[in-house]
Amino acid sequence: MPLEMQAKILRVLQDKVVMPVGGQSSHQVDIRVVAATHQDLAKKIDNGGFRQDLYFRLNALSIRLPALRERGSDILLLAEHFLRQSTSLPKSLSAAAAKVLLEHSWPGNVRELENVIRSSSLTVRGAVIDANDLQMAVAENHRETPIDNLLELDFHSAVSGFEKLILEKALKKTNGNRAEAARLLNIHRQLLYAKLKEHGISEPE
């Protein structure tokens with residue numbers, strides 16, 4: 001929040017008066033404010049990025065929500081909840097998959113967990129999500145996307161790079177089976193062979 005806006009919020013909290021946008025008269029208000037942040041406000045105050053008087057006005061009651069990595073078995077409860085939301089087919093986590101979830105640091109907190117579970121539930125065909133399925137989803141969630149690098153190139157180089165990326169992913173997903181990769185991409189096998197040769201792509205290790 002910009003400092004100018006912080007000053008306005010502070011005045012509202014102190015005076016309990018607001019001026020509606022486009023209005024010509026002020027109105028008394030009786031409000032309670034629930035505020036949340038993931039920032040270190042003490043450091044922000046020291047750096048001049050947050051008003052100390054507003055901080056003390058807001059901080060009448062402080063509740064710390066622990067990060068997901070600190071919440072132990074809650075991780076599995078949330079994972080099962082997201083799993084039920086993600087698919088109409090009954091799916092479960094293997095013991096090894098549960099271990100992966102509990103050992104991951106979850107820098108993206110609950111949103112990251114939700115994304116990993118949704119991704120795994122959509123890509124796994126069976127009824128049980130195993131550790132390897134989750135590890136791939138976790139790695140994919142944190143891998144820097146090459147798309148940003150491609151956008152720095154000229155149009156033809158970017159298109160060529162994206163085409164190579166798609167071919168590599170198709171081969172990886174089909175464990176190097178070229179016929180299966182062609183079916184996955186919905187292209188003729190001969191076109192796939194030609195494109196692989198053009199981009200110098202061999203089967204994944």
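Residues 24 or more positions apart supply 57% of the contacts in the protein chain that have a separation of 6 or more. A contact here means heavy atoms within 4.5 Å. The model is a predicted one: local features need pLDDT of at least 70, side-chain atom pairs count only at pLDDT 80 or more, and totals for chains, interfaces and linings use all residues. Numbering runs from 1 along each chain as its sequence is written, and side-chain values use heavy atoms, with hydrogens and water left out.

The protein chain holds 11 helices and 4 strands. These are DSSP runs, numbered from the N terminus: helices are H or I with at least four residues, strands are E with at least two. Of its 205 residues, 25% count as buried. Buried means under 20% relative accessible area, exposed over 50%, and partly exposed in between, with a 1.4 Å probe and protein chains only. The accessible surface of the chain is about 14900 Å². Carbon and sulfur atoms contribute 53% of that surface. Areas were computed by the Shrake-Rupley method with a 1.4 Å probe; for residues, only the protein chains shown count as cover.

Helix H10 spans residues 178-185, and its buried residues are Ala179, Ala181 and Ala182. Seen down the axis of H10, these residues fall within an arc of 160°, so they line one face of the helix. The arc is taken from the directions between the helix axis and the C-beta atoms. The buried residues of H10 pack against helix H9 (155-173) and helix H11 (189-199). Asn177 caps the N-terminal end of H10. A side-chain oxygen of Asn177 lies 3.2 Å from the backbone nitrogen of Ala179. Asn186 follows H10 and has a positive phi, near 60°.

The loop between H9 and H10 contains Thr174 and Asn175. Thr174 is buried, at 11% relative accessible area. Leaving aside residues up to four places away in sequence, Thr174 touches Glu180, Ala181 and Leu184. Asn175, by contrast, is exposed at 70% relative accessibility. Its phi is positive, about 55°, although Asn175 is not a glycine.

Trp106 also has a positive phi, near 50°, and is a residue other than glycine. Trp106 sits in the loop between H5 and H6. It is buried, with a relative accessible area of 0%. Glu103 belongs to helix H5 (residues 95-103). At 56% relative accessibility, Glu103 is exposed. Glu103 and Arg69 are 34 residues apart in sequence, yet their C-alpha atoms are 8.2 Å apart in space.

The largest pocket has a volume of about 1600 Å³. Its lining comprises 41 residues. Ala35, Ala36, Thr37, Leu41 and Ile63 lie nearest the centre of this pocket. Helix H1 (3-15), helix H2 (41-46), helix H3 (52-58) and helix H6 (109-123) are the elements that give two or more residues to the lining. On a 1 Å grid over the protein atoms alone, a pocket is an open set of points with protein on both sides within 12 Å along at least five of seven lines, and lining residues have an atom within 4 Å of a point. Grid points are joined across faces, edges and corners, and the volume is the space filled by probe spheres set on the points.

Definitions and conventions: Polar contact = N/O pair within 3.5 Å; in protein donor to acceptor, adjacent residues only side chain to side chain. 1 Å grid on protein atoms, 1.4 Å probe; cavity = no way out; pocket = protein on both sides within 12 Å on 5 of 7 lines; lining within 4 Å.
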